[in-house]
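Here is a short briefing for a first look. Start with the ligand site, then turn to the cores.

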Amino acid sequence: MLLFLRIISAFLCVNALQDVALNSDNGVEWVVHNVNKSILIPAKVPGGIYSDLVDAQILKDDVYYKSGDEDYRWVAYESWTYERNFTVPVDWTVENKETLIFHGLDTVAEVILNGVQLSPAVDNMFLRHSLNVKGILKYDGLPNHLVVQFGSPVKTALERSHSWPRVVPDCVPASYHGECHANLIRKTQSSFAWDWGPAFPSSGIWKDVELLTYNVAILRDVTVQTEKTDQYVNNRRIWLAKFVLHLEAVAPHAAVEGVGRVVLFIADAPGGMITGEMKVGPTNANEDGELDVEITLRVSEEIISLWWPNGMGQQTLYQAVASFNTSSSSGFAEESTLKKVNIGFRTVELDESQVGKNGLTFLLKINGYAMFSKGSNWIPPHALPEMTSAVNGREMTKDLLSSAKEVGINMLRVWGGGNYESDYFYDLADKMGILIWHDMMFACSMYPTVASFLDSVKVEVKQQVRRLQHHPSIVIWAGNNENEVALRQNWYGTGANFSSYVKDYALLYNLINTTLLNEAPDAIFLFSSPSNGIAMRDVTGPIADDPQSRYYGDIHYYNYLADGWNPGTYHLCRFASEYGFQSLPSMETLRTAGPAADDWGVNKAFFQRRQHHTGGYQEMIIAIQRHLEMPSNTESEEGMSRYVYLTQVNQAMSLKTETEVYRRGMSIIKDDGDGQFLGATMGALYWQLNDIWQAPSWATLEYGGKWKMAHYYVANFFSNLMVSPWVTDYDELQVYLLSTRPNVEEHVVLDCQLSIKIYQWSDPCLLKKQTITSKLLFMYGVKAFSADLETYLKTSGCNGSNFDSLKNSCFFTFDLKFNQSAYESPSNFLLVGSPKNAIGLQKANVTISGVGEPFKTVDPGLKDHYPFSAQVNVSSDGVALFVWLEAQGVRGRFSDNGFLLVAGDEDEICRRSNSVEEQATMCVELQGHPRCSVLHNSVRRFTGQRAGNHSVPANMKSFTRTLTFYFRDKPEDSTLLRQSITVTHLLS
Ligand code: BMA
């Protein structure tokens with residue numbers, strides 16, 4: 001629990017380093033009360049006021065239940081005081097430093113010990129506060145009384161809006177049902193509400209508290225830069241691991257004497273480790289009481305493996321233990337502190353090279369290899385910060401990150417309106433190979449530049465970067481979310497004072513930039529997302545002419561009015577760091593929010609309140625109507641359930657379409673006619689991975705972790721090798737074979753067979769198949785096939801008197817088989833017409849035909865997350881589209897979902913030979929099957945019978961696909977899954 005471990009050299013010696021936790025799990029009770037003490041209840045530390053009030057049943061339900069966000073808002077307007085008594089058992093008094101350390105206080109507070117107000121002031125939840133208690137702390141078992149008085153965060157922000165210069169926007173849009181002036185307080189910006197989340201402006205001691213006394217200096221943080229050199233020993237390249245041990249001395253300019261050590265455990269090194277040591281002093285700390293000890297280790301490449309992102313190689317981590325021992329010649333007993341970090345050897349570059357007349361690439365290279373960043377955006381997984389901590393948020397964090405890894409995500413952007421996450425989060429990202437693009441916590445706002453605010457931000461950046469820098473997963477830092485584009489495009493009415501806002505903008509983000517680079521000289525820092533990148537900042541200054549330029553840096557792209565299923569809606573860019581579509585979470589998840597029977601309906605107050613994006617429901621309805629049949633009634637539980645399903649189909653299809661545009665864009669360089677080149681797209685991070693509560697949002701994972709349909713689609717469109725078909729705006733069918741595998745492997749060219757299969761909506765059996773032999777190139781895309789769509793449909797046997805009806809009669813599936821057996825890619829499909837216009841699209845009977853007994857999952861990649869699995873058969877007698885299986889009440893997921901179900905070549909329903917006689921006989925058997933109607937004449941000719949008079953054997957009518965269900969928990973009852981699965985498809 002403590003941030004560092006302690007070794008007391010002269011144990012039981014007084015006058016030495018001591019620390020003790022003051023959390024509630026250490027045997028002493030905290031209480032919390034409001035001002036007049038009408039509420040006085042036990043409290044948890046670390047924790048938060050909403051959780052305390054729920055535990056004490058002052059708030060009757062989970063905060064997300066029904067209208068909790070509205071009913072419980074009073075909590076945010078109160079001032080809350082946390083108190084406890086404690087004793088210090090032995091005489092701890094030391095000559096020098098006695099501090100009370102709060103690792104996180106949310107947010108504006110006064111801390112009072114034994115009646116004395118401690119300093120410095122506390123007003124930033126992202127800071128660790130070390131408060132001097134020397135002369136105030138009582139020893140020898142005497143009672144100490146500790147009080148933390150939080151001011152209402154909402155009122156504090158409001159008060160600052162009166163006393164500080166105005167900084168827009170004043171409030172979040174009314175549709176968020178939020179609070180005002182979040183930008184004036186250093187607190188999770190989305191805690192005052194967002195377009196996907198509720199306002200729960202919390203108060204509390206949300207991280208650990210400890211009491212620490214020492215005489216000379218402690219080791220606070222360790223940063224490490226791994227650097228690949230051009231030096232060789234025995235022909236093997238040398239890496240440097242440059243450690244900086246950040247010491248906190250007892251006082252500014254205090255003299256420090258001692259020894260810093262680093263032990264890096266590498267199994268193949270002689271003795272299993274490499275060590276380094278640095279003698280210090282006596283040396284004086286700086287004016288902040290800090291002293292850095294640098295220790296550089298030389299590591300031959302021979303004994304290490306590189307760290308790679310997910311999908312590019314292994315994530316090899318090495319443990320380093322850094323320690324600092326003060327020397328007894330300083331006049332005090334030795335004090336020793338140590339810290340463990342896992343490090344990885346990898347290089348990161350952001351390649352911004354010239355493309356065309358004006359334009360730069362924006363591509364990450366890891367270990368020298370270009371990578372396509374595939375990922376999403378991370379928001380706080382809960383509105384209450386205490387729920388996301390390393391202790392309470394472990395299970396949730398692991399579940400969400402595992403779900404990201406399983407679908408091929410190799411990068412997450414920790415979005416700037418949320419939090420700096422727990423150490424646990426970044427440890428997992430390191431282990432899973434999920435690169436982190438880290439925004440600093442500023443979003444969708446202008447920010448103050450009053451001195452106290454800037455001072456606090458400087459400390460925030462320094463502390464957070466020192467805490468996080470060693471993680472190999474963190475590769476990019478950005479100053480904020482969308483503040484540059486907001487300023488350039490006058491989102492918040494900054495136009496009239498543009499130059500003064502630009503000045504303030506530069507002041508804040510230059511400060512952040514300098515502070516970051518001071519701590520992490522090799523860090524990649526972007527002022528904002530989106531931005532034109534680093535190189536262009538030298539040209540355009542802090543605010544680019546067009547931060548959304550498609551020729552530079554990253555873009556955010558949203559277009560809710562255009563057709564999301566049409567690739568022509570999207571534009572090539574260098575890197576899309578945000579794009580997305582709303583959908584609703586499952587009925588099962590929505591039910592946990594407690595809607596009453598008459599709350600169901602998108603126009604009902606209950607669901608209106610949860611939709612914070614103005615016009616969101618209507619936008620989804622319009623999008624659905626373009627391609628699917630919208631239920632006439634959304635104002636009932638049944639209507640909502642259909643609407644939920646359709647919103648998820650629309651989100652999945654739109655995200656698939658847009659992401660495939662970016663993936664094909666990797667290998668496209670297209671002259672836009674102006675001498676500038678579009679394309680060379682090297683990243684797609686969709687908005688957003690996870691949800692904060694049960695509400696409509698852009699997330700692909702629901703609150704609680706359940707996969708929406710779109711998340712199953714992510715697994716396909718982020719697969720390393722894939723086939724990507726599309727129709728150009730001049731009606732050419734093009735099929736790309738795409739690879740995001742780096743060229744590090746044995747093969748750079750794979751021989752493969754592309755099968756293009758054409759089906760009619762009226763028939764689950766193949767109409768025509770064409771197989772093409774092609775090559776697939778690693779880290780590239782090749783156009784393997786193109787044809788005029790109209791001609792292709794006609795010559796394939798699709799029916800239709802005009803192009804539109806041709807497009808609506810047939811659809812395509814695509815398979816890729818590799819000669820090299822180690823490689824595989826998922827199938828893909830292409831709907832050239834809209835399902836609702838499809839000619840002959842019929843109602844298929846889709847059933848769950850068998851659910852097997854659960855067995856232990858053996859796949860090494862999945863067994864930690866899903867210990868058990870079971871087989872599930874899905875049968876259909878016709879084409880079924882967007883087949884959606886749900887296991888209600890059982891946590892887990894299917895191996896595939898939301899899929900297109902057609903018969904395979906081998907299915908009996910399609911058993912045919914070239915002989916017309918056999919076809920005719922088959923049709924007699926398959927009476928009623930649509931395919932047979934066209935063969936009636938042949939049937940009569942060869943059998944002398946009318947096709948309609950024969951019965952069909954049951955087993956010939958349908959075809960079956962087997963899926964796996966992966967359980968999150970060990971199944972208690974094997975019948976539960978069987979009973980819980982429901983199936984929905986387009987026309988069911
Ligand atoms: C982006 C994000 C968020 C927002 C999302 C959806 O611009 O940065 O601010 O939630 O759009 O509107």
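The domain bounds used here come from an automatic or database domain assignment. The model is predicted. With those bounds, domain 2 (18-211) and domain 3 (375-717) each give at least three residues to the shell around the ligand.

**Who surrounds the ligand**
- The residues around the ligand include the tryptophans Trp194, Trp196, Trp415, Trp687 and Trp698.
- Asp195, Glu482 and Glu578 also belong to this group.
- Cys444, Asn481 and Tyr558 complete the list.
- Sorted by class, the shell holds seven nonpolar residues, one polar residue and three charged residues.

- Asp195 places a polar side-chain atom 2.5 Å from a ligand oxygen atom.
- In the side chain of Glu578, an N or O atom is 2.8 Å from an oxygen atom of the ligand.
- For Asn481, a polar side-chain atom lies 2.9 Å from an oxygen atom of the ligand.
- The ligand taken alone exposes 310 Å², and the protein buries 91% of that.

**Nonpolar cores**
- The largest nonpolar core has 155 residues.
- Within this core, Tyr643 and Phe882 touch the most other members.
- Helix 14 (residues 637-665) supplies the largest share of this core, with 11 residues.
- A second core is separate and has 60 residues.
- Among the residues of this second core are Phe86, Leu118, Val122 and Leu146.

Conventions. Residues are numbered from 1 along each chain as its sequence is written. This is a predicted model: local features need pLDDT of at least 70, side-chain atom pairs count only at pLDDT 80 or more; totals for chains, interfaces and linings use all residues. Side-chain values use heavy atoms; hydrogens and water are left out. A residue is near a molecule or strand if one of its heavy atoms lies within 4 Å of it. A polar contact is a pair of N or O atoms within 3.5 Å; within protein, one must be able to donate a hydrogen and the other to accept it, and residues adjacent in sequence count only if both atoms are side-chain atoms. Accessible areas come from the Shrake-Rupley method with a 1.4 Å probe; for residues, only the protein chains shown count as cover. Ala, Val, Leu, Ile, Met, Phe, Trp, Tyr, Cys and Pro count as nonpolar, Asp, Glu, Lys and Arg as charged, and the others, Gly among them, as polar. A nonpolar core is a set of buried Ala, Val, Leu, Ile, Met, Phe, Trp, Tyr and Cys residues joined through side-chain atoms within 4.5 Å. Buried means under 20% relative accessible area, exposed over 50%, partly exposed in between (1.4 Å probe, protein chains only). Helices (H or I, at least four residues) and strands (E, at least two) are DSSP runs, numbered from the N terminus.
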